[in-house]
Amino acid sequence: MKDKLLALKEEAIQKATKAQDMRAVQDVKVEYLGKKGPITEVLRGMGQLSAEERPLMGQLVNEVRNEIEEALTSKVNELEAKLLEDKLATETIDVTLPGRPVKAGSTHPLTQVVEQIEDIFLGMGFKIAEGPEVETDYFNFELLNLPKNHPARDMQDSFYITEDILLRTQTSPVQARAMQEMKGEVPVKIICPGKVFRRDDDDATHSHQFMQIEGLYIDRDISMSDLKGTLLTFAKEMFSDDQNIRLRPSFFPFTEPSVEVDISCILCSGKGCRVCKHTGWIEILGAGMVHPNVLEMSGYDSKTYTGFAFGMGVERIAMLKYGIDDIRHFYTNDARFLKQFQRM
Ligand code: 2NL
């Protein structure tokens, strides 16, 4: 019996050593140590042994079983190590490989130009104010010296939602709101960028929705020369350092006096060309001294305080700066157009 056990042990250990995979290890375990295996059978036959032989045989069986188990366990460990090694060998990552390029979008050219303009005015101490795109007649017109039955309030020209709610036609209502919030305190020194809406037929130079930036500076002793200096600085920083500007008399209901502001032609620097229609000048914005009525209606004593205001269409500035010939390019979102404004 002892010889048979030792032979079984040798056989089992040999098979365990030769096993190529986990499955084979498991098969050896079942074959030799399982319930129907030869060792269990030996244990069952122990009853027939004498009292002296029984413990010796019991000890031997345990030893045999332990040794087979040890052989199986070491095989399992060996196979696991090999599996891991294979995995590491086949799944290596070359960390020096360049990544796949990510397709990045670009900031919309109008947003870029708005941000450039904001930066210039922030540099001169202006703060940025924003407000609702859906406005009341009161803030959009009334407070800006456009009384009822003023032609600009015509249904033909503005998008009305109800009789006294409309899409703002300019960003001035934001400034009117800011003045009310300031309750007569100075300085009010803000720019208001945002979408505005007018009932225009769209063409190369008109859009029913466009971006406007208005500016407002109220304090004691603000004069037309402050306006001119501010706008000259803007023109130089936005276009080029050798820019000049000129003011021509004009009219707006909310400013008095009012001016139209030209910059020297960015294409021919004033010599005269097709872009400036041979005048050497290009109109870029409207401005003026805040009308006393506007100051008073928003709670500012027009005898103590004065202010200047200006308004510009962002599309027009962007078109001049980048030589874009049709305002509709900004709103049709052709990727070939937008891609040209990738910021580095
Ligand atoms: C233009 C002209 C302008 C203003 C806007 C303004 C605002 C307040 C008071 C007085 Cl709260 N004025 N804004 C002044 C002059 C001109 O815009 O051609 N915009 C495209």
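This is a predicted model: local features need pLDDT of at least 70, side-chain atom pairs count only at pLDDT 80 or more; totals for chains, interfaces and linings use all residues.
Local features need pLDDT of at least 70, side-chain atom pairs count only at pLDDT 80 or more, and totals for chains, interfaces and linings use all residues. Residues are numbered from 1 along each chain as its sequence is written, and side-chain values use heavy atoms, with hydrogens and water left out.

**Exercise 1. Describe how helix α1 packs with helix α4.**

Step 1. Two packed helices are described by the angle between their axes and the distance between the axes. Axes are lines fitted to C-alpha atoms, for helices over the stretch in contact, and angles run from 0 to 180 degrees between N-to-C directions. Helices (H or I, at least four residues) and strands (E, at least two) are DSSP runs, numbered from the N terminus.

Step 2. For α1 (residues 2–18) and α4 (residues 53–90), the angle is about 5° and the axes are 9 Å apart. The pair is therefore roughly parallel. Angles under 35 degrees count as roughly parallel, over 145 as roughly antiparallel, 65 to 115 as roughly perpendicular and the rest as oblique.

Step 3. Contact means heavy atoms within 4.5 Å. Residues of α1 in this contact include L5, L6 and I13, and those of α4 include L60, V61 and I68. The contact of α1 with α4 has 12 nonpolar, 1 polar and 4 charged residues. Ala, Val, Leu, Ile, Met, Phe, Trp, Tyr, Cys and Pro count as nonpolar, Asp, Glu, Lys and Arg as charged, and the others, Gly among them, as polar.

**Exercise 2. Describe how helix α2 packs with α4.**

Step 1. Helix α2 (residues 22–33) and α4 have an angle of about 170°, and their axes are 10 Å apart. So α2 is roughly antiparallel to α4.

Step 2. M22, V25, V28, K29 and L33 in α2 meet residues of α4, among them I68, L72 and L79. By class, this contact of α2 with α4 has 8 nonpolar, no polar and 5 charged residues.

**Exercise 3. Which residues come nearest to the ligand?**

Step 1. The nearest of the 15 residues around the ligand (a heavy atom within 4 Å) are Q175, Q212, E214, G286 and A309. The shell divides into 8 nonpolar, 6 polar and 1 charged residues.

Step 2. Next, list distances to nitrogen atoms of the ligand. An N or O atom in the side chain of E214 is 2.7 Å from a ligand nitrogen, and one in the side chain of Q212 is 3.3 Å from a ligand nitrogen. For G311, a backbone N or O atom lies 3.4 Å from a ligand nitrogen.

Notes: A polar contact is a pair of N or O atoms within 3.5 Å; within protein, one must be able to donate a hydrogen and the other to accept it, and residues adjacent in sequence count only if both atoms are side-chain atoms.
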